[in-house]
Amino acid sequence: MPLRDTLARVDADLAAGRVPVARQRLRGLVSSFPTDLTLRRRLAEVYRLYAEPAEAGRWMYLEQNRDEAETAAFEARYRTAPQRMRALAWHGPESHAPTTFAREQLAAVRGACSEALGRPVAWDTQPSDRHEDSAGSPLTNFLAGAGCLVAALVFAAIWVNGLVALVD
């Protein structure tokens, strides 16, 4: 469905009080058009109807005339740079941002994320929630191995017990 038609449906949904439907439509549009700051602004307005300052701050984060309380709520909810990078749902290089302020914000978040992870990151390869080395800590590895060993021993004991009972 073309952008203009979807926006008309968003307006109709809002007029009819179907705020959740309008929100979903706008989330889909932002996903399809991540560089369109107008769509992000509209989505922030819908989240204000929900009294969700963190989400409104999330979608207004790239706007220079944003509400500082919403920005602080966003930053409090998404505490780390990788979390903020994922939350912003940007795709492509910062140069695709339509304003200088948005480009600077995106570059700052990406830079902080690169520093936090110790390697360069790009907007098209969002960092995951888990640590990059999925090997885990030595204690976690030990406990997982011990649990598997105990489960195997219990299974073997039950199997041997059944075999003995069958033979008797």
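Student: Which is it when H2 passes H3, a left-handed or a right-handed crossing?
Tutor: Left-handed, meaning the near helix is turned anticlockwise from the far one by less than a right angle. Helices here are DSSP runs of H or I with at least four residues, numbered from the N terminus. This is a predicted model, where local features need pLDDT of at least 70, side-chain atom pairs count only at pLDDT 80 or more, and totals for chains, interfaces and linings use all residues. Residues are numbered from 1 along each chain as its sequence is written, and side-chain values use heavy atoms, leaving out hydrogens and water.

Student: And at what angle do the axes of H2 and H3 cross?
Tutor: Roughly 155 degrees, with the axes of H2 (residues 19-32) and H3 (residues 37-49) coming within 9 Å. Therefore H2 is roughly antiparallel to H3 (angles over 145 degrees, on a scale from 0 to 180 between N-to-C directions).

Student: Which residues make the contact?
Tutor: Among them are Leu26 and Val30 of H2, and Leu43 and Val46 of H3. Contact means heavy atoms within 4.5 Å.

Student: New topic: is Thr71 buried or exposed?
Tutor: Thr71 is buried, at 2% relative accessible area (buried is under 20%, with a 1.4 Å probe and protein chains only). Thr71 sits in helix H5, residues 68-77.

Student: What does Thr71 touch?
Tutor: Gly57, Tyr61 and Arg66, leaving aside residues up to four places away in sequence.

Student: How many residues has the largest nonpolar core?
Tutor: The largest has 17, and Leu62, Leu88, Leu106 and Trp123 have the most contacts inside it. H6 (81-88) and H7 (100-117) each supply at least two residues of this core. Such a core joins buried Ala, Val, Leu, Ile, Met, Phe, Trp, Tyr and Cys through side-chain atoms within 4.5 Å.

Notes
Angles under 35 degrees count as roughly parallel, over 145 as roughly antiparallel, 65 to 115 as roughly perpendicular and the rest as oblique. Buried means under 20% relative accessible area, exposed over 50%, partly exposed in between (1.4 Å probe, protein chains only).
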